[in-house]
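Dear colleague,

I am passing on a structure for you to look at, and my notes on it follow below.

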Amino acid sequence: MIPGGGQPNMQQLLQQAQKMQQDLAAAQEELARTPVEGSSGGGLVKATVTGAGELQALVIDPKAVDPEDTETLADLVLAAVRDANASAQQLQQQKLGPLAQGLGGGSGIPGLPF
């Protein structure tokens, strides 16, 4: 019920829901195209992911490569990818958070990472 005794306008509610869905889809598409970079080892290893978290590129400075110590290199790669993914999650919150709140909070919406 709407204050004042009126009935909700179902057509208007459906249009609002459809617009929110379109806005959400547009934001998700933008995230999929937006590159986000993370690094480790003072920039010796750089990872680029999309705002949706898909790994796109990995750059390793030759100074980071020690044939006798591949474990450290693996740790640097892992740290760079995690850093990039953390940045991607922040971007997701910025882009999708307000839209999810408009749809009722976000926590119960399938497919959203938050």
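At the start of helix 1, a side-chain oxygen of Asn 9 comes to within 3.0 Å of the backbone nitrogen of Gln 11, which falls under polar contacts (a pair of N or O atoms within 3.5 Å, where one must be able to donate a hydrogen and the other to accept it, and where residues adjacent in sequence count only if both atoms are side-chain atoms). The model is predicted, with local features needing pLDDT of at least 70 and side-chain atom pairs counting only at pLDDT 80 or more, whereas totals for chains, interfaces and linings use all residues. Residues are numbered from 1 along each chain as its sequence is written, and side-chain values use heavy atoms, with hydrogens and water left out.

Helix 1 covers residues 10-33, helices being DSSP runs of H or I with at least four residues and strands runs of E with at least two, numbered from the N terminus. Leu 24, Ala 27 and Leu 31 of helix 1 are buried, that is, under 20% relative accessible area with a 1.4 Å probe, protein chains only. Of the 114 residues in the protein chain, 23% are buried.

Along the sequence, the protein chain follows the pattern α-β-β-β-α. Its three strands form an open sheet in the order 1-2-3 with antiparallel pairing, where pairing requires at least two bridges found by DSSP. Strand 1 (35-40) and strand 3 (55-60) each have a single partner strand and stand at the edges, so one side of each is left without a neighbour in the sheet. Strand 2 (residues 45-50) is joined to strand 3 by five bridges, and Thr 48 stands opposite Ala 57 in strand 3.

Best regards

Definitions and conventions:
The expected span of a helix is 1.5 Å times one less than its number of residues. Buried means under 20% relative accessible area, exposed over 50%, partly exposed in between (1.4 Å probe, protein chains only).
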